[in-house]
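Please read this briefing alongside the sequence and the coordinates.

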Amino acid sequence: MGALPDPPGAAWPQHAEGLSHKVVRAQAVAGMRRLGTDHLDVYYAHIEDRRTPLEDTVATFASLVTEGLTRVTGCSNHAAWRVAKAREIAKATGLPGFSCVQQRHTYLRPRPGAEFGANPHISDELLDYAREEPDLTVLGYSVLLSGAYARPDRPLPEQYDHADSGQRLEVLADVAEELGATRNQVVLAWLLRGNPPVLPVLGVSSVSQLDECLGALDLELDDELRHRLDNA
């Protein structure tokens, strides 16, 4: 959820409407109207709303599933313990719970203490939780850092601009060269074949970019390459 109700154009997320029953349902209906469909395949709670009891939010999202308005629901930019608690509430009450979580994620690691505001980098705790929850799908956004892996004119976001990144970029370049692949493809393959696997959420502006990304599906990372990437 991320509408900007008052005033128009006000800063997000400070003026997000939250995850109340009224807002969640109204935005679902509005989304279907814009898309010209009678259901949504997946519907996300995009940022936390701690003003609304988590039990109420879980019940509201579950009602959309039981009524056939959305196939599955998920959450994004939530702390690991909030994801776990929401799913525990759903299981305890026999309701369909969040089945996917979408978080900022990429091969580079943010420097310690880096701030991302309402859109944090995925935590080790959330990844560890997902390993133990086979029915929870993890998706990653901002995975290619707006082209910074491939284009010298695109600087790294300042949260990733530190010594650790330099070492990992060197290994990434070496692995890409050995495989005859692009750095972007190696990053995507690293995500897809990780533990847990992470489905990248992609945004492309050309067919060639799409083709490049799809090439990651055929890229194999053996144990030795995976070890080098993980431990750079």
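A crossing is called left-handed if the near helix is turned anticlockwise from the far one by less than a right angle, and right-handed if clockwise. The model is predicted, so local features need pLDDT of at least 70 and side-chain atom pairs count only at pLDDT 80 or more, while totals for chains, interfaces and linings use all residues. Residues are numbered from 1 along each chain as its sequence is written, and side-chain values use heavy atoms, with hydrogens and water left out.

**Helix packing**
- Helix 2 (residues 54–66) and helix 3 (residues 80–93) cross in the right-handed sense, at roughly 65° with their axes coming within 10 Å.
- Leu54, Glu55 and Val58 of helix 2 meet Arg82, Lys85, Ala86, Ile89 and Ala90 of helix 3, where contact means heavy atoms within 4.5 Å.

**Aromatic contacts**
- There are four aromatic pairs in the structure, a pair requiring ring centres within 6.5 Å, with planes under 30 degrees apart counted as stacked, over 60 as edge-to-face and the rest as tilted.
- Tyr107 and Trp190 pair edge-to-face, at 5.1 Å centre to centre and 80° between the planes.
- Because Tyr107 lies in the loop between strand 3 (100–104) and helix 4 (124–131) and Trp190 in helix 6 (residues 183–192), this pair ties together parts 83 residues apart in sequence.
- Tyr43, Phe61 and Phe98 form one aromatic cluster.

Notes: Axes are lines fitted to C-alpha atoms, for helices over the stretch in contact, and angles run from 0 to 180 degrees between N-to-C directions. Helices (H or I, at least four residues) and strands (E, at least two) are DSSP runs, numbered from the N terminus. Rings of Phe, Tyr and Trp (its six-membered ring) pair if their centres lie within 6.5 Å; planes under 30 degrees apart count as stacked, over 60 as edge-to-face and the rest as tilted.
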